[in-house]
Amino acid sequence: MNSVILQVASKYVKWLLVVFALIALYRGHNFPGGGFIGGLLVGLSVIFSSLAYDAQRARNSLKIQPEGYIALGLLTIFLSILPGVFLKQYFMAGVWTSIHIPFLGVIKLGTPFLFDIGVFFAVIGVTLMSFFTFSNIMKWK
Amino acid sequence: MQTLLLVYLVSAFLPFIFAGKLKKAIPFFLAFVHFGAFAYFFSKIERIGNGDILRETIPWVPQLGINFDLVLNGLSIAFALLITGTGVLVFLYAHAYMKSYKNLGVFYFYLFLFSAAMLGLVLSGNLIQLFVFWELTSYLSFLLISFFHEKESARNAAFQSLYLTGFGGLVMVAGIILLGSVVGSYSVSDWVVNAEILRAHQFYLPGLMLIFVGVFTKSAQFPFHFWLPGAMQAPTPVSSYLHSATMVKAGIFMLALLSPILGGTSAWTYTLTLTGAITMFMGAYFAITQTDIKAILAYTTISSLGVLVLLLGIDTALSVKAAMLFLFVHAFYKAALFMIAGFIDKKTGTRDWRNLGGLARSMPITFVFAVLASLSMAGLPPMLGFLGKELIYEAKVQSPVIAPYVLVLGVAGNALMIAVALFFLFKVFLGKAKNQVQIKVKTDWAYIIGPGILALLSLFFGLFPAFLGETIVEPALISILKRDYNVELKLWHGFNTVFFLSLFTVFLGFILFYVAYTRDSVLVKWRAFNQRIFSVRFVDVFNNLLKGFLSFSKRKTELVQHGYHRFYILTIFLVASIFLWYQVYVTIGWNLDNVFTLRPFYVSGLVLVIIISTIFSMVSKSRIATIITMGVAGYGIALLFMYYSAIDLAITQIIVETLILVMFVLILQRLPLFARLSSKTTRLRDLFIALSFGSAMTVLALKSINVNFNHPISDFMIENSYTKAYGQNVVNVILVDFRALDTLGEVTVLVVAALGVFVLLKTKKT
C-alpha cells in the first residue's frame, strides 16, 4: 500500500496511540482503561504503521521484539506476585504503598498495578507476534 | 536419618563437581559415604535390638495425613545394613570395573542416587512416601540398565523394565490408596493398629491383589520375571547391586512390611506360595540351560526371589525367620558371584561358559572365592547357604497349610540350584583351558575385594551364625511378627526329616550335575527342548501387548483427534447445545416475564443492523464482504455495550474487532478462491446445529435475568473495590486484584496461543 496520506499520518498517529495506551494503562485502576486495552492499543499503533509502509520496516523500528515483550510481561507479572507471597503469605495478594511525588501529590502504588503493567507488555507481545507471523509469511507489500 | 538422606542426596552430585585427578577418587569417596552410613546403622543395632524404634517426622501434606516419616526398626535396619554394606563393596568394585568407560560421572550419579532412593524406601514409615522412593528406584534402574545406550538391546531391556516396574508401581499405589481410604491414613503404624479392620474390609482382597502386582513386577515374580534377565545389559556393578542385592528385594521388603497387617489370610498365603513356588522352580529350571554366566545368575536370582516370596507367603514365625536369613544368604553369595562373573568377562572378553574353562590356574584367588560363594548358593555345609536352606526346608515341612507341591517344587528347585552352582564352578574354573581370548587386564585388588569379603562372610556366618541371627535377624523378625521371638541359629540340626530332605536334594543335584557335565549333548538337547516347548516367550508376549496397546490408542486417538477444525467446532457446538437445551428443559417453569425491551429506537435500530449484517455475512459470496459485515456486527455489539454503560467492554470490543479485521484481511490472501464444496444436506445440518446452539444461548441469556441469588457477588466487588483494593474501576479491580489468578491464566493462554500461531505458520513454511 502506498498512500502518502497514510504514511504521513502514521508518523503522528502511531505515537498518539502509544500515548493514549499509556494513559489508558495509568488511569485503568480508577477509570475505564487498563493493561489489556493499553496493550492492544500499542499493538494497533505498530499495525497502523505497518499498513502504511510494510511489516518488515515496522518490525525493524521496534526496540524490543514481540517475544521480548512477552518475556518482559511474564517477568513483570512474576515480580508482581512475589511481594504478596513473601509479605502476606498469600499467592497474588495485593500489597500497596503510597509515595509522594512533587506536583502529582500522593500516588498509591501496588502490586495489582505492576500486574497490570505485566499484562500490558504481554498483550503487546502477543498481538505483535501473531500479526508479524501472519504478515511475514504473506510478504506484505 | 534426615541428615543421612540429605548427605546421600548431596553426595550424589559430587561426581559432577570432581574433575581432573580427583575424578578417580569419586568411587572411593562414595564408598566412604556408604561406609559412614553403614557404621551409623551398625551403631544403632543395639538400641534397635532392645526394642527401640527411631522415628523422625517432617510434615509433608498434613491435610491428607501424609508425612515424611522415617522409621528405623528391626526390619528397616536389616535392609539398611544390606544396602549400605553391599554399597561399599559395589562402589569399590565399580572403581575397577568401570575405569575404561565414558560418562562415569553420570554413572556414579545414578548409582549413588539409587542408593539414596533405596535407603529412603526402606526407612519409609509412610506408604505414599514409600511409593515415591519405589518409583525412583524403578526409574534409576531404567537409567542404569540403559547406561550402554548405544546398544539397541540395552535400550529395549531398559524400556521393558521401566514399563513393567512402572506399571507395577502404579497398580500398587492404587492398592495403597484403596486400603488407605479404609484406614484414613497412609502411615504404616496406623495400618498396623487397624489391621483387623483392614483384613475384614471388602476392599481387602482388591487392595491386596493390586499391591501384589507391584511387588511381583519389582521382585521379578512369575509371570513378570522376564525383565530381570534383560536387565543384565547393565554394567556388572549395577547387576550385582540393583538386580540381585537390593532393588529386586524392595518387593520382599514390602511384603515383610505388610505381612503383620495384611498377612495371615488364605488370600495372602495361597497367592504368595503359589507364585513363589512357580517362580522358584522356573528360575532354577531355566538357569541350567543358559550359556551366558550372567544370565545363569539372573535366573537363579529369580529363583531365590521366588523362595523369599514363598516363605513370606507361608507366614509362620519359622518361615519369616528363614526368609530374613535367606535375604542375607542370597545377598552375600549372589553379589559375590556377579562380581566374579564381571571380572571373568573383563579378563577373557566372554561370558559364554562354552568358551571358558580352566580359569582356576590363571585366577587362583578368585577361584577360591567363587568356590565359597557357589557352595553357599548350592546350600552345602559349612556355608551360610546351608543354614538358609535347612531353615527353608524346616519352614516348609512345618507349615500348616501348604500343599505338598511346594515341597516337591522346593526339592527340585534346590537340586537344580546345586547342579547350576557346581556346573558354574566346573565349567568355568576347572577342566581344560579353552583357547579363549585373553585380554590383559591388570588384576586390580578392587576386583577381588568385594566378592572376597562377601564370600568370606558367607563362610564366617555359616560357622558362627549367632551374631547374624541374634543381632540382625531377631530384631527384624520382632518388628515383622510384632511379638518377641528368640532366634537361634545352628549349623547342625541333627538327624531329622529336614536333614534327609537335604541329603536327598544334594544327591539329586549331584546326579543332575554329573549328567549335564559329562555329556554336553544332554544340555544341548535340553535347551532345544525348552525352546520348542516354551516357544511362547514372555518377552514377546509383552512386546506384542505393548504394540497392540499402542496401535489401539492410535486408532482411538485418530477417531477423536481427526485434525479437521470444522468437525471439532461441530462436535463442541452439538454437545454444548444438547446440554444447554436440557438445562432449558429442566428450568421450563421459570417464566420469562422480565423480558427486556428494545427501547429507545436507536437500540432496536442497532440490533437490526447487527442482525442484517450477520445474515449478509452468511450468504455473501465474497470473503471481503463477509469480513466487513462481521466487523459491522462486532462494532454494533460494542455500541450496545456502550449503551448499557460497560465502557471497558466496549473499548476492548472495538479494539479487538479492529485487530481481527486486519488479521482476517492478512489471511484472506492465503485462502483459495471461494467455492461451494459442501453438499446441500451438509449445509442444512450445519445450519441446524448453528441455530440450535445460537437459540439455546439466547434463551439462556434471557432466562439468566430471572435468576436471582440472594447476594450477587458483584455487590461484594462494588463495595470493596475502593476500600480494599484502592480502585474505582471495578472491572479493572476484578481483573488485576480480586480475580487476578484468572487474568494470569488468560495471559498465559494468550501467550501460548501467540506461540502456537508462530510455530504453526513458521514450520509450515519450510
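In this predicted model, 37 residues of chain B are in contact with 38 residues of chain A, contact meaning C-beta atoms, placed from the backbone, within 7 Å. Local features need pLDDT of at least 70 and side-chain atom pairs pLDDT 80 or more, while totals for chains, interfaces and linings use all residues. Residues are numbered from 1 along each chain as its sequence is written, with chains lettered from A and ligands numbered from 1 in the order written.

**Side of chain B that touches chain A**
- Helices H29 (647-668), H32 (730-738) and H33 (740-765) of chain B each give two or more residues to this side; helices are DSSP runs of H or I, at least four residues, numbered from the N terminus.
- H33(B) gives the most, with 13 residues.
- By class, this side has 24 nonpolar, eight polar and five charged residues (nonpolar: Ala, Val, Leu, Ile, Met, Phe, Trp, Tyr, Cys and Pro; charged: Asp, Glu, Lys and Arg; polar: the others, Gly among them).

**Overall form of chain B**
- Chain B has a radius of gyration (over C-alpha atoms) of 35 Å, well over the 27 Å of the globule rule for 766 residues, so chain B is more spread out than a compact globule; the rule is 2.2 Å times the number of residues to the power 0.38.
- The C-alpha trace of chain B spans about 110 × 55 × 55 Å along its principal axes.

**Domains of chain B**
- An automatic or database assignment gives domain 1 (152-545) and domain 2 (562-708).
- The C-alpha centres of these two domains lie 70 Å apart.

Conventions. Two residues are in contact if their C-beta atoms, placed from the backbone, lie within 7 Å.
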